[in-house]
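Subject: Structure for you to look at

Hello,

Here is the structure I promised to pass on. My notes follow below it.

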Amino acid sequence: MTRAETCVVACAEAWRGDGAVLAGYAGLIPQLGARLAQLTFAPELLVTDGEATLLRDGRVEGWLPYRAVFSMVAAGARHVMMGASQLDRFGNQNISCVGPWERPRSQLLGVRGAPGNTVNHTTSYWVPRHSPRVFVERVDMVSGIGHDRGAHEIRRVVTDLAVLDFETPDRSMRLRSVHPGVTVDEVIAATGFALTIPAGVPATREPTEEELKLIREHLDPHGLREK
Amino acid sequence: MDKRVTIAEVVGEIRDGMTVGIGGWGSRRKPMALVRALVRAGKKDLTLVTYGGPDVGLLVAAGCVKRVVTGFVSLDSIPLEPHFRRARSAGTIELTEYDEGMLYWGLLAAANRLPFLPIRAGLGSDVMRVNPGLRTVHSPYADATELVAMPAVGLDVSLVHLNRADAGGNGRYLGPDPYFDDLFCLAAKRRFVSCERVLSTGDLIETGPPQTLLTNRSMVDGVVETPHGAHFTSCVPDYGRDEAFQREYATTDWDAFRARYLDGDEDDYQKAVAG
């Protein structure tokens, strides 16, 4: 079992119990997670090819052009796992730019659909490198809104070190589990704000034999997840 | 009802300072032959409204742009657009940054001759901070929900690229997604469709089911056949994105790129990229 495989399963877990909602994703690990969830414990999940085609276990089952995606967004029938260049304790996310918006040090993608996603439906985040550069006190441009700004639900943040959630009284970020081989202190050191740390942080669950077989032989036989 | 025009005639209708809507999405089905022609013509102070890709990059690098109205600028397989990034950090362009769904709603409002449409997207986000002119409204009904009053995004001109069209402007997409090309046409005063092939109306109808006819002739003022005209963006099923060329674009100094590919006309460009 590799760290990437743990992360795929942790991403899949974010969609557990969602029913027939549209799974959105940015990046390979969340994509594998969504497909794994659909193949196992979340069979009703809708998964796209990243463009306008709905896939069920790799086979076409429907059509969903962007205009229809926006309707599902507005209706709240979606759970996306986006990336985050910056993220704060309430789940405010930035993918727009770093530095002052008027003249940024680094222009990134733009806000994309993050404002609409976060106000309308469940959103989770995938952070491939957990660091104080990502987990900051204040984000430079609030793209996705957090719980203190009216987010519908920020459910999980999956990183290369840990899984975080917002199951606290003020819905600020909490350490939910650490991946096997990672210590709580490592996560604290890699986070630029004070996390809620429960007594006795569990380890992120390990993939089952079935899940490992699906990931290795079916979903990602060329091992792109390890790159 | 023969609306066939040349690239030069389309460019001649676009004056400095106009607001130009560009169809497609990211690095997908962009009217690049028309974009290249705007670069060659040295247009100035354009406001671009677009789900941004290399259309933004080329026009910004060439100094044609005053403002970009968008939710993102990306080359898809290369996430960040180098020329747009450089111009933003240098402060040489202005930006109106909306959520993607807000931009859709703004085009939809313009297409439906409404001053605004209500939407939740944007509430609570810094889109409200960087667009201080945005207002919210409250539902006049019992729920009294607060919503963003997304203003209509009206266009002087729209440029879109489709797979097939007839000479009158009935147009068809053959790929997986119409994007918002019909709305760009409906939101604009003057509308130009470039396409891979102009067919007779009869032949156009034969190429697929009626629901993939995205534009009708009332939505279009000019049609120009530009084979391979979306290059280097994707125009499936006619051709995919030219990833090698896009990498060259993204990593080559602008002056060198321009000299190599853009100093001649569209025929020269197509010969150069055919290698």
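Salt bridges come first. Counted over all chains, the structure holds 36 of them. Please keep in mind that this is a predicted model.

Start with A:E13 in chain A. A:E13 forms a salt bridge with A:R16, and their closest N and O atoms are 2.8 Å apart. A:R205 also forms a salt bridge with A:E13, with its closest N and O atoms 2.8 Å apart. The burial values are as follows. A:E13 has a relative accessible area of 17%, so it counts as buried. A:R16 is partly exposed at 42%. A:R205 is partly exposed too, at 30%.

Next, A:R176 and A:D165. Their salt bridge has its closest N and O atoms 2.7 Å apart. A:R176 lies in strand β13 (residues 174-178) and A:D165 in strand β12 (residues 162-165), so the pair ties together parts eleven residues apart in sequence. A:D165 is buried, with a relative accessible area of 0%. A:R176 is partly exposed, at 26%.

Chain A also has a network of salt bridges. It links A:E5, A:R216, A:D220, A:R225 and A:E226.

Now chain B. B:D177 is buried but has no salt bridge. Which side chain of opposite charge is nearest to B:D177? It is A:R67, 5.5 Å away; the cut-off for a salt bridge is 4 Å. B:D177 is in the loop between β9 (171-172) and α7 (181-186). Its side chain reaches the backbone nitrogen of B:Y179 at 2.7 Å. Beyond four places in sequence, B:D177 touches A:A52, A:P65, A:Y66 and B:R29.

B:D156 is in strand β8 (residues 155-166) of chain B. A polar atom of the B:D156 side chain lies 2.8 Å from the backbone nitrogen of B:T19. The side chains of B:D156 and B:K189 make a polar contact of 3.1 Å. Leaving aside neighbours within four places in sequence, the contacts of B:D156 include B:M18, B:A188 and B:R190. B:D156 and B:G17 are 139 residues apart in sequence, yet 9.9 Å apart in space, C-alpha to C-alpha.

Last, the cavities. There is one of 30 Å³ or more. The largest cavity has a volume of about 30 Å³. Residues of both chains line it, among them A:Q107, A:L109, B:F72, B:F84 and B:E97.

Best wishes

Note on methods
Residues are numbered from 1 along each chain as its sequence is written. Chains are lettered from A and ligands numbered from 1 in the order in which they are written. This is a predicted model: local features need pLDDT of at least 70, side-chain atom pairs count only at pLDDT 80 or more; totals for chains, interfaces and linings use all residues. Side-chain values use heavy atoms; hydrogens and water are left out. Helices (H or I, at least four residues) and strands (E, at least two) are DSSP runs, numbered from the N terminus. Buried means under 20% relative accessible area, exposed over 50%, partly exposed in between (1.4 Å probe, protein chains only). Lys and Arg count as positive and Asp and Glu as negative; His and the chain ends are not counted. A polar contact is a pair of N or O atoms within 3.5 Å; within protein, one must be able to donate a hydrogen and the other to accept it, and residues adjacent in sequence count only if both atoms are side-chain atoms. Contact means heavy atoms within 4.5 Å. On a 1 Å grid over the protein atoms alone, a cavity is a set of points where a 1.4 Å probe fits but cannot get out, and a pocket is an open set with protein on both sides within 12 Å along at least five of seven lines; lining residues have an atom within 4 Å of a point. Grid points are joined across faces, edges and corners, and a volume is the space filled by probe spheres set on the points.
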